[in-house]
There are 2 protein chains.
Amino acid sequence: MDRLSEVFSALADPTRRAILARLAEGEATVNQIAEPFPISLQAISKHLKVLEKAGLITRGREAQWRPCRLDAAPLREVADWVTGYQVFWEERYDQLSEYLKRIQKEH
Amino acid sequence: MDRLSEVFSALADPTRRAILARLAEGEATVNQIAEPFPISLQAISKHLKVLEKAGLITRGREAQWRPCRLDAAPLREVADWVTGYQVFWEERYDQLSEYLKRIQKEH
DNA sequence: AGCATATTCAACCTAGAAGTTAATTAACCG
DNA sequence: CGGTTAATTAACTTCTAGGTTGAATATGCT
């Protein structure tokens, strides 16, 4: 699986996006991360593994805790990819689109 | 399924991203879209349905053709979401991170 | 009408995602 | 050492994604 697909796939789950939002506020242990969610700790552990594989988090070791922290580097790749389409949602493009439609009708 | 998850999920497939890239060059019929791919037309048809459900393409009707065209609006939502993390991959943040580490060690 | 082309629908298969519970590993604490 | 806490691993279930092939639908052409 290519990198971008892996990142998009990791981001496609609201629980995982919520985890990233939590980590944006700072490091947290697995239990701390799991606390607000209505699912089992094991399920959270799996989500963390997915995020780690996608490069979105890194995990350290402190005694029996595995503090997680955000690594936003892959998000930059997402941003780079998506801005390639920026022209298509901008005003400018809508105007261009309208213009092309008008031209086409005139012929 | 929430909108953003649906869009991320749609983008998590390289074939679908390739389809979007193709449509960025202009409208295309299903057959035209399918042509470069080594999978069946039906599989492409399914991918298109996913993209349509995510709001990333729209489909018209011209005789027996269903021309597809890109709709980048959902990509804007992706861009908006991801830029919320921009600070975490920027230089500024790395410096802040280093600074915080240094402070912490000094105590 | 009858055939060709474009596209979708239906049924099916297989692999993987997301969750569960139960058991295991690892580290600290008394 | 024995118990507690933190986290992962294992085994299992259920559902869905992505692919296949074959049949159906819709439109254009002669």
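The contact (heavy atoms within 4.5 Å) takes 25 residues from chain B and 26 residues from chain A in this predicted model. Between them the two chains bury about 2200 Å², 75% of it on carbon and sulfur atoms; buried area is the accessible area (1.4 Å probe) that two parts lose on being put together, summed over both. In chain B, the residues that lose the most area to chain A are B:R17, B:Y85 and B:W89, together 27% of what that side buries.

| Item between chain B and chain A | Count | Cut-off |
|---|---|---|
| Salt bridges | two | side-chain nitrogen of Lys or Arg within 4 Å of a carboxyl oxygen of Asp or Glu |
| Residue pairs in polar contact, both at pLDDT 80 or more | eight | N or O atoms within 3.5 Å, one able to donate a hydrogen and the other to accept it; residues adjacent in sequence count only if both atoms are side-chain atoms |

One salt bridge joins the side chains of A:R17 and B:D2 (2.7 Å, N to O). On the side of chain B that touches chain A, α1 (3-11), α2 (14-24), α5 (73-83) and α6 (86-89) each supply at least two residues. The largest share, six residues, comes from α5(B).

Chain A has seven helices and two strands, in the order α-α-α-α-β-β-α-α-α; helices (H or I, at least four residues) and strands (E, at least two) are DSSP runs, numbered from the N terminus.

Residues are numbered from 1 along each chain as its sequence is written, and chains are lettered from A and ligands numbered from 1 in the order in which they are written. Local features need pLDDT of at least 70, side-chain atom pairs count only at pLDDT 80 or more, and totals for chains, interfaces and linings use all residues, while side-chain values use heavy atoms, with hydrogens and water left out.
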